[in-house]
Each structure stands twice: as C-alpha cells, then as structure tokens.
Amino acid sequence: MAIRQLSETLINQIAAGEVIERPASAAKELIENALDAGATRIEIATSGGGKALLRVSDNGSGMDAADLELAVRRHCTSKISETLEDIRTLGFRGEALPSIGSVARLSIASRRRDSAGGHEITVAGGKIAHLRPAAANPGTIVEVRDLFFATPARLKFLKTEKAEAGAITEIVKRMAIAFPAVRFVLSGSDRTTLEFPATGDDHLGRMAQVLGKEFRDNAIALDAVREEISLTGFAGVPTFNRGNSAHQYAFVNGRPVQDKLILSAIRGAYAETIPSGRHPVAVLSITLDPALVDVNVHPAKSDVRFRDPGLVRGLIVGAIREALARDGNRAATTGANDMLRSFRPGFQPHAQRPQTPWSAETSPSRPYQPTTGFGERPQASFDGLSMPAARAEPQFSPQPPAAAEPNARYPLGAARAQIHANYIVAQTEDGLVIVDQHAAHERLVFEAMRKALHSKRLASQVLLIPEIVDIPEEDCDRLMQHAAELSELGLAIERFGPGAIAVRETPAMLGEVDTHGLIRQLADEIAEWDTASGLSAKLEYVAATMACHGSVRSGRRLRPEEMNALLREMEVTPGSGQCNHGRPTYIELKLSDIERLFGRS
C-alpha cells in the first residue's frame with residue numbers, strides 16, 4: 001500500500017484525540033488561554049455537560065484579525081519562540097483551538113482594547129470560514145457547540161452529562177485556586193451557578209471558597225526552600241481528612257498538575273497519621289526554574305517531569321512533616337461540629353448507631369483488651385495507684401505546677417474528670433477538651449519510639465548464613481549507593497558479584513523477615529524515587545504496633561495527677577492530635593459552642 005499525506009482535517013482530528021479527551025479538556029485549554037491573555041474575569045457557561053455548549057468569555061488582551069486567522073491553525077502560538085526550556089505560560093503548543101475546531105463547531109469573537117471593533121471566525125469540523133467583523137467587548141469569547149459531532153465514535157466514550165459537568169467544575173476549581181486574583185463564574189442550564197470572587201493576594205481565602213470555610217481553620221501554612229526550589233501552600237491537620245484524594249491540589253510554576261510523584265509525597269508525609277482509606281487535604285505550590293521541569297510530557301499538560309524528582313519529593317515530605325510537628329497536634333474543628341450536631345434537638349442516635357450499650361470491651365475505638373497497669377517499664381510504679389471513681393476534681397485548677405514557668409499556658413487545660421474509664425474531660429481557658437486516653441498515650445509512646453529510631457543505629461540481628469538475593473545489576477548498583485543509610489536502619493548488605501546482594505544483618509524490630517522480598521521492594525523504590533524510605537516506613541509501622549500494645553488501655557482509671565501529666569505531654573509532642581491509626585485523640589469545644597447548645601448566644 002502506497003504511503004500518502006493525510007489531510008489537514010484528519011491530522012487535526014488525530015491530534016484532538018490526545019488534546020481534547022472530553023469537554024473538561026476543552027474547558028481547561030480555553031481557560032488557560034484566557035489566563036495567558038491576562039484576564040481578570042472569566043465566565044464559563046455549559047449545557048449538556050459541555051457537549052452541547054461550552055462558552056468561555058474573558059476580559060483579556062484580545063486578538064486582532066491577523067491573530068484570529070492564525071489562532072485556528074496548528075502550531076501557531078504567541079507563547080514560545082525557539083525553545084521549550086523556558087516555558088512561563090500555561091499554553092504553548094498551539095494545538096488546542098484547531099483541535100477543537102476539527103471535532104466541533106467553534107466560533108471565536110475577539111477585540112483588542114485599543115481597537116475600534118472586533119472580529120469573528122468560525123470553524124466547523126475542520127473547515128475554516130472567512131473572517132468577518134463583529135461587535136465585541138474588549139477580550140475574547142470562545143464558543144464550542146456539538147463537541148465531537150465530526151467524530152461520533154468519541155461520543156460513546158463520554159460519561160453522563162452530570163459527570164462531564166462535574167469534571168468541568170473540578171477544572172474551574174483548580175484554576176481558581178491557582179489564580180486567586182481572577183474572578184471565575186461557572187453557570188449553565190445543567191448546573192447551579194458557581195462563583196469565586198477575586199481575593200487578590202489572599203490565597204487562603206480563595207482556598208476557603210473552593211474547599212470550604214472549615215479549611216481555613218484546619219490548615220497549616222507551608223513555606224520551605226531547598227536548592228532554589230520553593231514550596232508554599234497549606235496542609236490540613238491530619239484529623240481534617242476526606243474519603244478520597246480529590247481535595248489535594250498541586251501547582252508547578254502556577255500550572256495545575258496531577259503528578260504521581262507529588263501525590264505520593266503527600267501520602268508519605270502523612271504516613272501513620274491518617275486512617276487507612278482516608279486522605280489528607282492539601283494545596284501545594286512548587287516554584288522552580290522552568291529549565292528544571294519538563295511540562296511537555298503529555299498534550300494534556302497535566303503531568304510534569306522534574307530533573308531531580310528525589311529533591312522535590314524530599315522537599316514536600318520534609319516541609320509537611322515539619323509543619324505537622326510544629327502545628328499539627330491540634331484537633332480538627334470538624335470534630336466539635338460533629339459533636340454539636342449530635343446534641344441538637346431532633347438528633348436520633350438510635351437511627352444511626354446500633355442499640356447496644358457502650359462497654360470498654362466492645363468499643364470500636366479500643367483495639368485491645370484491657371490489662372492491669374501500664375505496659376511500659378518506666379510506668380510500672382503507677383500500677384499501685386488507687387483507682388478512684390469517675391468524678392470531678394475541683395481541687396485541680398488550671399494553674400502551672402511549681403516547676404513550670406509562672407506564666408505558662410496550657411492549651412489542653414486542667415483535668416476535671418474521667419468518664420467511663422476512658423475519656424478525660426479537661427477545662428481550658430475558653431472551653432473544654434475531651435481526650436481519648438488510650439489513643440493519646442499511644443501516640444506519645446509511638447513518638448518516643450520514632451525519635452529513638454532516628455537518633456542512633458537500630459539494633460540488628462546477624463544472620464547465621466547470609467541471604468543471597470539475585471537482582472539485576474543496575475538494582476545492585478542503586479542499593480549499594482544507599483548501603484550506609486540502610487545500615488543505620490539495621491540492614492547490612494554487601495555486593496555479591498555483579499547481579500546479587502548478600503544480606504548479613506536485618507533489623508531486629510522486624511523479627512523474621514522476607515529478606516528477598518524486602519530487598520526487591522527497596523530496589524524498586526530506589527529505582528522509582530531514588531530513596532530507601534520503605535524500610536524506615538516498615539520500622540515505623542512496627543513501632544506503631546508496639547506503641548499500641550504499650551499504651552494505657554481504655555478502662556484504666558487514672559488519678560488526676562496522671563491525667564494532667566498526660567495532657568502536658570500531649571502539648572509538647574508533635575502529632576499528638578491523632579493516634580497512630582489517624583483517629584483524633586481529643587475534641588475541643590469552645591465556650592461559645594456550649595452556650596449555643598443552651599440557646600445563650
């Protein structure tokens with residue numbers, strides 16, 4: 001069969017298959033063009049989930065007649081010249097408009113601010129109509145109708161109108177977070193109008209518009225720099241989590257991305273702080289030299305490739321963990337809100353919970369059976385303490401102990417009572433705190449063990465006969481580059497020929513370990529991320545399990561001195577706002593919240 005040149009229309013339709021996957025893809029490209037044009041107001045209207053109509057109007061710089069004629073032709077752009085190493089705009093390929101025009105009915109009306117009139121051009125199924133004058137305000141209006149009418153097979157792969165409309169909404173939210181100084185309005189016959197007023201330099205204010213006002217109260221600021229790569233943004237406290245990862249937003253040089261490396265780094269940063277199946281809420285903005293990141297990985301421009309992925313991952317994990325250690329031990333405000341809802345008139349607990357009397361033995365928040373006393377040897381002296389009934393202790397007021405600073409403040413207040421031998425009630429300056437004693441002490445023990453993990457070389461067990469693990473030569477090279485780091489964690493390895501590793505010692509904490517599986521997993525991780533953090537994560541998991549066994553149990557009655565000591569330790573321990581399983585260790589109620597329950601405010 002003879003080789004022949006494809007027609008321009010067919011070439012554009014092939015390109016559209018990569019650039020325009022669904023209506024949300026078209027919306028993303030058009031919004032990016034508006035932002036690159038300097039728009040401060042962008043209005044998006046849809047119908048039929050964007051399949052019947054997608055209109056994007058902006059007040060940007062606009063285009064003249066010559067620009068309009070070139071804009072609908074492939075590889076015509078004003079955003080790059082001769083190189084891809086210094087891309088500072090959202091768009092740069094010059095493919096979006098001709099791709100849309102090849103599979104839909106496209107019309108563009110635009111006018112420059114210094115022009116007396118505007119012009120309009122239309123493209124239907126790849127056929128370009130003649131340019132004509134048109135009445136238009138300064139800026140550009142792009143209207144897309146009957147998307148994929150020229151390629152009907154693509155329509156079969158689209159989801160329902162509601163799903164496609166939701167995808168467009170998500171695109172607008174990401175753009176709104178990235179550009180808080182721009183006003184976004186999303187409307188149409190298939191949706192309720194959504195408006196994000198401009199917030200100027202108040203990035204957190206815009207995030208609260210998109211993620212909900214609760215995010216403002218539960219967010220921790222991030223600001224870190226490593227080797228000329230800066231990271232800013234906000235990370236939610238661990239107890240402020242969601243059922244999916246849709247509330248994680250990442251931006252690279254202002255470009256919204258959905259990069260696997262960044263999402264993996266967020267998961268790693270919150271390891272051991274969030275329950276399985278739950279996801280943190282975070283907004284990260286990475287700024288670096290455009291030459292250090294490749295945004296030309298995929299036509300959709302949602303993926304990027306960093307020149308030093310290990311550096312970026314380390315920056316994200318380190319910044320979030322430092323922020324959590326600094327300010328992450330507070331409880332999410334949503335816990336108090338849930339409690340307030342449960343107290344409101346008309347609340348029916350029996351309709352939501354099984355009608356089973358509460359007991360320490362059956363409580364789902366209590367992972368182990370009660371035992372007498374504390375599990376840790378330094379606490380053995382507490383076993384002989386008397387076990388008072390749960391009662392208020394008015395003689396203990398929120399006053400600093402003699403050895404403390406005279407003006408010391410205690411955010412978790414003073415213990416007033418222990419109820420059901422499991423929950424500590426403490427009075428603070430402006431409210432009260434309810435503490436889950438098992439979850440709180442479990443976290444304290446775990447943090448002490450984790451600190452020990454990183455302060456000295458871990459104990460190892462010497463293998464009587466070294467284990468020989470056969471892996472590819474390149475994996476052997478990578479592992480040996482991290483041999484010293486692994487040795488500090490109790491894993492001693494040596495090179496055993498070109499394609500094998502000899503394992504002589506393994507971490508004692510792991511007990512019997514699948515050496516072959518561990519080595520191969522570490523090799524895969526290093527190949528992917530250039531880090532051997534997997535072994536450290538395994539050891540921390542073991543430490544978390546040991547901490548759970550060694551913590552004060554539910555059902556253990558505490559004296560006031562013990563309860564106050566627990567509160568003081570929580571105040572100075574990073575991450576004490578949640579246990580090792582990610583559940584909150586305490587809930588705080590402000591006095592104003594309590595007064596609302598009684599109708600006093």
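The model is predicted, with a mean pLDDT of 80 for the protein. Its largest nonpolar core has 90 residues, and another core, of 15 residues, lies apart from it.

**Confidence**
- A pLDDT of 70 or more is reached by 77% of the residues of the protein.
- Across residues 346-356 the pLDDT stays under 50, and the model has five contacts for this stretch beyond four places in sequence.
- A further stretch, residues 363-407, has pLDDT below 50. In the model, residues 363-407 have 75 contacts beyond near neighbours in sequence.

**Nonpolar cores**
- Within the core of 90 residues, Ile42, Phe184, Phe215 and Ile262 are the residues with the most contacts inside it.
- Helix α10, which spans residues 309-327, supplies the largest share of this core, namely nine residues.
- The separate core of 15 residues includes Leu486, Ile501, Ala523 and Ile526.
- Leaving aside residues up to four places away in sequence, Phe215 touches Leu204, Met207, Phe234, Gly236, Phe240, Val281 and Val283.

**Helix α7**
- Helix α7 covers residues 203-211, and seven of its nine residues are buried, so the helix is largely enclosed by the rest of the structure.
- The buried residues of α7 are Leu204, Gly205, Arg206, Met207, Ala208, Val210 and Leu211.
- Leu204 and Met207, both buried in α7, are also among the residues that Phe215 touches.
- Gly212 follows α7 and has a positive phi, near 105 degrees.

Terms used:
Residues are numbered from 1 along each chain as its sequence is written. This is a predicted model: local features need pLDDT of at least 70, side-chain atom pairs count only at pLDDT 80 or more; totals for chains, interfaces and linings use all residues. Side-chain values use heavy atoms; hydrogens and water are left out. A nonpolar core is a set of buried Ala, Val, Leu, Ile, Met, Phe, Trp, Tyr and Cys residues joined through side-chain atoms within 4.5 Å. Buried means under 20% relative accessible area, exposed over 50%, partly exposed in between (1.4 Å probe, protein chains only). Helices (H or I, at least four residues) and strands (E, at least two) are DSSP runs, numbered from the N terminus. Contact means heavy atoms within 4.5 Å. pLDDT is the predictor's confidence in each residue, from 0 to 100.
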